[in-house]
Structures are given as C-alpha cells and as structure tokens.
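Colleague: I would like to learn how to read a structure like this one, feature by feature. Could you take me through it with the general idea first and the case after?

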Amino acid sequence: MNQTAGHDLLESTSASTESDECGLVYSVTDIIVASVIGVIVALIIILNTLCLWVLRRVKNINDTSKVFLYSLTFSDLMVGIFPGIPTVVLLASKSWPFGEFLCTVHAMFGHYTHGTSIYSLLLLTVDRYISVVFSLRYPSLVTVVRARITVCSIWIIFFLVLTVYGFVAEWDYRIVDPILKCGWSVRHGEQGIPTRGTSNDYPLLTHCKSS
C-alpha cells in the first residue's frame with residue numbers, strides 16, 4: 001500500500017514537470033555540459049580500449065601488476081560504456097528513453113563500475129607498495145594466482161553488496177542538477193519516507209513522448 005502511494009506520488013510529480021522538461025529548451029550551459037561529457041566519455045572508451053590492447057602486447061610489465069592493471073582498465077572502460085553513454089543521451093535529450101528496467105541497470109552499474117575502478121586502483125597501489133618495501137619477498141607474497149583471486153573477490157563482493165542494497169532501495173528517475181542522472185533513493189520505515197534525495201531536492205526525470 002505504501003509502495004503504491006509512493007509510486008503515485010512519483011507519477012504525479014512527473015506529470016507536473018512534463019511540460020517544462022518536454023520543451024527541450026537548451027541553455028548554453030546545457031550544450032557545454034553535454035559536449036564536455038560527450039568528449040570525456042569518448043576518450044574514456046577509446047583510451048581504455050587502447051590500454052587493454054597495449055597490455056596484451058607489452059612483455060616487460062610484471063604479470064601480477066598486469067592483473068591489477070587489467071582490472072583497473074576494464075573497470076574504467078565500463079564506466080565509459082554503461083553509465084557514460086546513457087548519461088550523454090540523457091544530457092542530449094533531457095529524457096530517459098530506455099525504460100525503468102534499464103534505469104535500474106544504469107544506476108547500479110554506475111555505482112558498480114566506479115566502485116570497482118576505485119578498488120582496482122587501491123589494489124594496484126598496494127601491489128606497488130609491496131614491490132618497493134618488500135622487494136625481495138615480493139615474488140612469493142604477490143603471485144599471479146593470488147592477484148587473480150583478490151581481483152575476482154573484489155568484483156564479486158562489491159556486486160553482491162550492491163545487489164543486496166538494491167533490494168532495500170526504491171529505484172526512480174532523478175535529475176541531479178546540472179548533470180542528469182538515473183539513480184536510486186533508499187526508503188526506511190512503514191511510511192516509505194525517503195531519507196535522502198526527496199522529490200523537492202531532485203525533480204523527477206520525465207519521459208518526453210511525441211504526440
């Protein structure tokens with residue numbers, strides 16, 4: 001019952017803002033932001049794809065370090081593909097044309113890819129620290145098998161954490177000014193009152209349909 005009421009509130013808020021959002025009036029700031037984000041996303045995809053290719057060709061990098069570099073590069077590439085490309089579409093069209101399910105996927109993978117990128121960088125930093133401080137013991141401390149197990153564990157554990165978090169979260173369409181974003185808000189208590197990101201703080205992103 002509370003979820004139905006909350007859904008009705010989301011729909012009413014969306015309907016009240018539809019005329020403003022569907023006008024597609026772009027300011028100079030909108031154009032600059034969309035252009036900058038578009039260029040950044042393109043560079044992320046192109047350069048990280050190039051990095052993956054280089055890692056396969058280069059032979060003078062330690063195999064254990066390569067494992068962490070692969071993880072970091074691949075997660076950065078996913079940042080450009082999953083949250084990056086849909087964000088550019090949001091900025092260009094001021095609407096979410098992909099449906100509610102893909103909004104959930106977009107929001108989850110946005111957090112997932114950013115998180116795995118940060119943790120991959122942390123693992124690479126720890127790897128470099130061990131190689132410098134414990135240089136003589138490094139080959140026995142950090143092996144390829146241990147590096148792969150560590151990377152896989154980070155990716156799996158973080159995915160499970162986000163999945164559990166998703167079960168207690170209510171997904172919706174939101175605008176985070178000035179960057180459009182499809183995200184979630186966590187609701188607690190029987191009345192389903194959002195603890196952060198209320199509709200007043202973040203107006204709902206509406207679907208602009210052609211007549």
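Colleague: Since the model is predicted, what is the mean pLDDT of the chain?

Modeller: The mean is 74, and 66% of the residues reach 70 or more. One is residues 1–22, for which the model has 21 contacts beyond four places in sequence. The other is residues 187–211, with 59 such contacts.

Colleague: Now the overall layout. How many helices and strands does the chain have?

Modeller: There are six helices and five strands. As for contacts with a separation of 6 or more, 70% of them join residues 24 or more positions apart.

Colleague: How can I check the length of a helix, and what span should α2 have?

Modeller: Count 1.5 Å a residue and compare that with the distance between the end C-alpha atoms. Helix α2 (residues 28–57) has 30 residues and should span 44 Å; its end C-alpha atoms are 44 Å apart, so the two agree. The 31 residues of α3 should span 45 Å, and the ends are 44 Å apart, which also agrees.

Colleague: Where does α3 have a kink?

Modeller: The kink, of about 40°, lies at G84, shortly before the proline P86. After α3 comes K94, whose phi is positive, near 55°.

Colleague: Which residues of α2 are buried?

Modeller: Here is the general idea first: an α-helix has 3.6 residues a turn, so residues three or four places apart point the same way. In α2 the buried residues are V33, V41, N48, L52 and L55.

Colleague: Which residues does G80 touch?

Modeller: Leaving out residues up to four places away in sequence, G80 touches V41, I44, I45 and I85. G80 lies in helix α3, and its relative accessible area is 0%, so it counts as buried. The C-alpha atoms of G80 and G110 are 9.6 Å apart in space, although the two residues are 30 apart in sequence.

Colleague: And C103, is it buried or exposed?

Modeller: C103 has a relative accessible area of 2%, so it is buried. This residue lies in helix α4. Its C-alpha atom is separated by 9.3 Å from that of P86, 17 residues apart along the chain.

Colleague: Let us turn to aromatic rings. How is a ring pair described?

Modeller: By the distance of the centres and the angle of the planes. A search of the whole structure finds seven aromatic pairs. One of them is F74 with W155, a tilted pair at 5.9 Å centre to centre and 45° between the planes. This pair links distant parts of the chain: F74 is in helix α3 (residues 63–93) and W155 in helix α6 (residues 144–167), 81 residues apart. F74 is partly exposed at 38% relative accessibility, whereas W155 is buried at 16%.

Colleague: What about the rings of F82 and F109?

Modeller: Their centres are 4.8 Å apart and their planes at 25°, so this pair is stacked. Here too distant parts of the chain are linked, with F82 in helix α3 and F109 in helix α4 (residues 99–133), 27 residues apart. F82 is partly exposed at 34% relative accessibility. Ring pairs link both into a cluster with F74, Y112, Y119, W155, F158 and F159.

Colleague: Lastly, how many salt bridges does the structure hold?

Modeller: One. R128 forms it with D127, and the closest N and O atoms are 3.0 Å apart. R128 is partly exposed at 39% relative accessibility, while D127 is buried at 2%.

Key
Residues numbered from 1 in each chain as written. Predicted model: local features only at pLDDT ≥ 70, side-chain atom pairs only at ≥ 80, totals over all residues. Heavy atoms only, no water. pLDDT = per-residue confidence, 0-100. Contact = heavy atoms within 4.5 Å. Phe/Tyr/Trp six-rings, centres within 6.5 Å; stacked < 30°, edge-to-face > 60°. Helix = DSSP H or I, 4+ residues; strand = E, 2+ residues; numbered from the N terminus. Buried < 20%, exposed > 50% of the residue type's maximum accessible area, 1.4 Å probe, protein only. Expected span 1.5 Å × (residues − 1). Bend = angle between axes of the 7 residues up to and from the residue. Salt bridge = Lys/Arg side-chain N within 4 Å of Asp/Glu carboxyl O.
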